[in-house]
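Subject: A structure for you to explore

Hi there,

Here is the structure I promised to pass on to you. Have a look at it first, and then read on for what I found.

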Amino acid sequence: MADFETPVVDAGGLKVLIDSFDAEVNAKLGEKAAVNPAFIIPPPPTNPLIRLLKVEIYTSVNGTSVALPARLCVREIARDANSGGRFRLRFASYDGVSTYTEEFREYKAGAGAGYIAVSGSEYTGLVWIDLLTLTTNMGVPISTKIGRALVDFGGGEVFGTYFSLKYDYDEGGYRTNALQLSNVYSNDISESIEESQSYSPDGKKPFAAAMTGSKTLRRFVRGINVYGAEPSHRYTISNCSISQFGSPTNLTRMGFEIYDEDLGVAVCSTRKDVASGTITFADFIAAIPNTLKLTDNLLATKTGMYAVLDLDWSAVTAYFANLGGTTTAAAGIHPDNIYSAEDVADYLDTDRWDQVIRVGAGETYTTLRAAVEATYSPISGATLINGSPICEFAHYNNRVLIDVVDDGEFNMTGLYSPEWVEFRMNGEGGTIVRRENTDPEPLLEQRITGKIFDCTMISDTPSEYCIHSDDFNRNMVGGINQTTRLMQSYKRVKMVGGEGHDGWLFGCGISSGQAIYFEDVTGEHLDPDATRAAFGFHNSGPTLASPTIKHSYKPARVVMRGCSSPDRTAIELSTLATSAVCSLTLIDCDFPGLIRIGTAGGFAVRPDLAKDRNAWRIGGVLPTPFLREDPIGENVLKTTAGETASGDAAALIFGTVDEFGRGDKFISAPNDNAIGQLIGNCTVISQTLTIGGETHTFTENESVKSNATILSEINASITSYPVSIPAGENVLKTTAGEDVGGTVGGNLFGTVDGTGRGSVMMGNSLGEKLGDCSSTSKSLTIGGETHTFNTNLRATSNGDILSAINASITTYPVSIVDIQFEWVPDAAPKRRVLNNTNSTIEKGRFAKLTGTKTIATCGEDDRPEGWIYRDILAGDNGHIALSRQIARPYLPGPMANLAITGAGSGGTNGTFALLITGGGGSGAAGTFTVSGGVVTSVAISDRGDGYTSAPTITITGSVGLTGATAEEVATEFGVDADGKIDYDAAMKRGRMAGGVVRIY
């Protein structure tokens, strides 16, 4: 044991009251010696047990809780004169019958396992003796330091019978609830501490009068602010320590920790190590600031909380002078210093600063980088903690401003802004921010709360952002831990992409309550060939590329007021995974270009309902064109309008049926590698699945493996708790009652119920939803006709299943339809109208008003007053969109009427078919007639549908005919007789450009 190293007591560690340099407290402990209330039966004054005055046991060590035995006995306490003086102190558990097990003993660094040498004057009077475990029964390893005992050595005299006298429980029984001092404090110590509150600045704060604590700690900590907390909970400073460790560690360590007394967990902490086991106190604290920020970075479970402590090191110089593992703890924090996320939500409403750092000629800092990096913590430096370097002194109650006071060009590339550090510059025309170098990084990384005002930022690096603002909170573990509310504000900022730049100028992966406000912000690409948006946002969740990103459980919002962009695409909103709804609100903005609302391809977004393929909602006022882009589509089942679907199969594949006969369940193609796509490619970063203590590690590209292959590999590792997709189901299942964890446990299982079944669907095809029906059949009934599923459909194609359904349900056929282009932003101008015609007005048609609230299909050359984005049945109310500009995919149209532009010559007389190709549609057909060798007429028999551009018309088939041509006829508004867009006519009338149709 001579080489034993005292273990580090980390987060969740000490919860003790120690003031060993306080003579007043020691005197009070000495007065208690005649009472010894910790013993179940107080020992008589002549018993050596009276020498044991106090025992203190840590609640946890290295994050592991220390569990005390139900019955604890002081088994031995003795000092003899042999070998110059030996001391033994042993504690044992007792089974209540006859068996004693020694659990922990006396300990001193460098001493042997049998005793502590106590020669000399060091062991006289009151001395604290460290305690070391002898077993693992208390939940921590053998030879772990778990606390200490205060022993009265008197004048150095011998006491007890060394080694041979063992106390029984009736004599040495000890009250365990007196050991871990988060539970019990003696009244006299409490009184002395409450009196010491005068050492706090206002007599009470920052400490709570109702919670006991160390007088020294109250002198030391002059201010406390805890953020992201639950105001109804009680919080303490549970650890404040400076300890030195000799060989082999050879370091000095400072540690602070905040503890939630109601939950019984550490919520934030900090630690500083210096690689020296002999450094002096003065030299050690020279590297530590007077303001410390505690975060959840060191904790296994993230809390989203942080705290800021204002310290007075001069008040504790004597206390910590020997750096001998001294610890002070258990001081309650006053409720007025506890802030919830809601308490700081007004940050975006006010612009004020408590500390200003000026940048410019003649100032302390002449560059932005120097000023920003000067705010980085002297403890953690540029290390990213929760996505960014931390500034120890910046927080909600002390906002820091980097103030550029000069005009001119300033430079930065890949500069990270700490939280609560803001930027104000000298105006859009005054301060120009450009890159420092050609590294492929944004000019500024702002991943946490902050603001930027009054500047122009120019990115000359192709595809790199001016500002990148990904939310670090998306990487937190689990939904309830995504509690941090991130807030960012940008005012009077111009972002420019230089020549060759074709990427987002502002980009953010937004999630979990994040709020971003823009006011008078402009984005512009100078390259005329640029196609990407000026502003780009995507939601957050697990994807194939980043499977460990966690689902966003809280809504996120973006508000843009008075913003503009001349780019052909102004804003891109992407859905990368299922998440809470993200909102964009537009107020008085000028975006003539498209707003694209896209969904990731593949099966990264696999919701139960089709509408959840798009996580974005747009509010405010949107006069600009928008485009919904989903490569798979918001696919649902459809039957005859007015009919409903019933039966246990209907609930799986139809869901709720609307007035058009359409369900709301998302339908995709079969996906036999659904499990692998939830796990992703693990060749670079491995992932794990843990069930009941057994773990499987994924190290290959799992996204290309079949479900059966991955299940086989999992079950080869997790043998006691096998994983399967139960017959007839579409989720993973394991043994009931077992915990599921690991880095991808949540992705694969979601919430696990009492039967061991997860909540995450393994696929969205009809077969995957219906599952194996061979043992238990399922039925679908529409309009009195029924189809019964009684085979294993998991790998059956959608087409084959639809064919089988329609062979049974002949009157009300079922098909798959894509409803993505029925989505329009809430901000798009609309009018509620009545279809009082005798037929359905189909989506994609233009409408004209026939009354103040009634409409009809727009005829050829009628002036369109709106367009239909969702069918309106005869006699029903619906909406027409009044948008002046519409993206082409919302308006599939037929081929237009034709006119002869060249009669040709030399043809064989007769009637022949026109060759109609291209245009993106299908179904158009027509004929031409040749008489006297020339074309005399053309006729359209079927104008087809789905055309997004003018098709090519070829007159061929008449032997010998040459030079004959025909073209579409232009109408006034580019609208044909059926109310559909005539693309060729629209182009000729100048009503279509860049994929956008203008209808006024």
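In which strand does T133 lie? T133 is part of strand β8. Before going further, please keep in mind that this is a predicted model.

**Around T133**

With a relative accessible area of 1%, T133 is buried, because anything under 20% counts as buried. If you leave out residues up to four places away in sequence, T133 touches E103, F104, V140, P141, I142, S143, T144 and I146.

One of those partners, S143, deserves a look of its own. You will find S143 in the loop between β8 (126–133) and β9 (145–152).

**Two serines with a positive phi**

Most residues other than glycine have a negative phi. S143 has a positive one, near 65°. S83 also has a positive phi, of about 55°, although S83 is not a glycine. S83 sits in the loop between β4 (72–80) and β5 (86–94).

Are these two serines buried or exposed? S143 has 15% relative accessibility and so counts as buried, the cut-off being under 20%. S83 has 62% and therefore counts as exposed, since that takes a value over 50%.

**The nonpolar cores**

In soluble globular proteins, nonpolar side chains tend to be buried together. The largest nonpolar core here has 92 residues. Within this core, the residues with the most contacts are F518, F535, F537, M560, I571 and W867. Which strand gives the most to this core? Strand β29 (residues 487–497) does, with four residues.

Not counting residues up to four places away in sequence, M560 touches F518, F535, I571, L584, T585, L586, I587, C589 and F591.

**A buried glycine**

Next, look at G536, which lies in strand β33 (residues 535–538). G536 is buried, and its relative accessible area is 0%. Leaving aside neighbours within four places in sequence, G536 is in contact with W504, F506, G507, C508 and E572. G503 is 33 residues away from G536 along the chain, and the C-alpha atoms of the two are separated by 8.9 Å.

**Strands and how they pair**

Strands of a sheet pair through backbone hydrogen bonds, either parallel or antiparallel. You can find examples of both in this model.

Start with strand β50 (residues 854–857), which pairs with strand β48 (residues 830–835) in the parallel sense over two bridges. In this pairing, L834 stands opposite T854 in β50. Strand β49 (residues 846–849) also joins β50, this time through three bridges, and these two strands run antiparallel. Here L849 stands opposite I855 in β50. How many residues are there between β49 and β50 in their hairpin? There are four residues between them.

Now turn to an open sheet of three strands, in the order β41-β45-β46, with antiparallel pairing. Which are the edge strands? They are β41 (645–646) and β46 (785–789), each of which pairs on one side only. β41 pairs with strand β45 (residues 778–782) over two bridges, and A645 stands opposite I782 in β45. Helix α13 (residues 798–808) lies across β45 and β46, and runs at about 140° to β46.

**How confident is the prediction?**

The chain averages a pLDDT of 83, and 86% of the residues score at least 70. Residues 181–204 are a stretch to treat with care: pLDDT stays under 50 there, and the model has 48 contacts for them beyond four places in sequence. The pLDDT is also below 50 over residues 324–329, a stretch with 30 contacts in the model beyond near neighbours in sequence.

Happy exploring, and send me any questions you have!

Best wishes

Note on methods: Residues numbered from 1 in each chain as written. Predicted model: local features only at pLDDT ≥ 70, side-chain atom pairs only at ≥ 80, totals over all residues. Heavy atoms only, no water. Pairing = 2+ DSSP bridges. Buried < 20%, exposed > 50% of the residue type's maximum accessible area, 1.4 Å probe, protein only. Contact = heavy atoms within 4.5 Å. pLDDT = per-residue confidence, 0-100. Axes fitted to C-alpha atoms, helices over the stretch in contact; angles between N-to-C directions. Core = buried A, V, L, I, M, F, W, Y, C linked by side-chain atoms within 4.5 Å.
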